[in-house]
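Here is a short briefing for a first look. It covers a cavity, then a sheet, then the helices beside that sheet.

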Amino acid sequence: MDGLFTAENTVLGIGNTILSDEGFGVRVVEYLEKNFTFPENVQLVDGGTLGVELTHFVTGTKRLLIIDSIDGGTEPGKIFHLRDDEIKAHFAQKISAHEIGIQDVLTMLELTGKKIPRVELIGAQPFSLEAGTELTPQMQKLLPVFAEKAVEILKSWGLEVKR
């Protein structure tokens, strides 16, 4: 994707795929791409560990769903669902470089009058952040759960997603 076109709706998976569960958001987006069909006005983006460069992919989107591993200081596997201002409050904790990037992107868009009207974030507390390209088995089991949650959110936005 060259970033010249931004869909009305964006599903953004973020995370570092060489730190096991830290790459969860990216892996969920990969799962969605393999198992579902989306309307043309939905783009799936592997944001990896991009920082402010993500602005290129989300400027102009009306609804943004971010999927990530979230260190909420709680038990591994705990599921989070944050909306709009709750997301900025979460990212104020700045637990990783890509989260700083997301906070910067959302703030920059707001300051330039291009705020995304609706932003939601779903994520899970990681089991491991050790070096490794595979999710832990426990996090792997959450992939279909999060894919279904993402589809549920998109459907609540009035979008038709097919398996």
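The structure holds one cavity of 30 Å³ or more. A cavity is a set of points on a 1 Å grid, over the protein atoms alone, where a 1.4 Å probe fits but cannot get out. The model is predicted: local features need pLDDT of at least 70, side-chain atom pairs count only at pLDDT 80 or more, and totals for chains, interfaces and linings use all residues. Residues are numbered from 1 along each chain as its sequence is written, and side-chain values use heavy atoms, without hydrogens and water.

**Cavity**
- The largest cavity has about 130 Å³ of space, taken as the space filled by probe spheres set on grid points joined across faces, edges and corners.
- Its lining (residues with an atom within 4 Å of a point) includes D84, K88, L106 and V119.
- Helix 3 (85-91) and helix 4 (97-111) each give two or more residues to this lining.
- Five lining residues are nonpolar, five are charged and none is polar.

**Sheet**
- Strand 3 (63-69) and strand 5 (118-124) pair in the parallel sense over seven bridges; pairing takes at least two DSSP bridges.
- L65 stands opposite E120 in strand 5.

**Helices on the sheet**
- Helices are DSSP H or I runs of at least four residues.

Methods
1 Å grid on protein atoms, 1.4 Å probe; cavity = no way out; pocket = protein on both sides within 12 Å on 5 of 7 lines; lining within 4 Å. Nonpolar A, V, L, I, M, F, W, Y, C, P; charged D, E, K, R; others polar.
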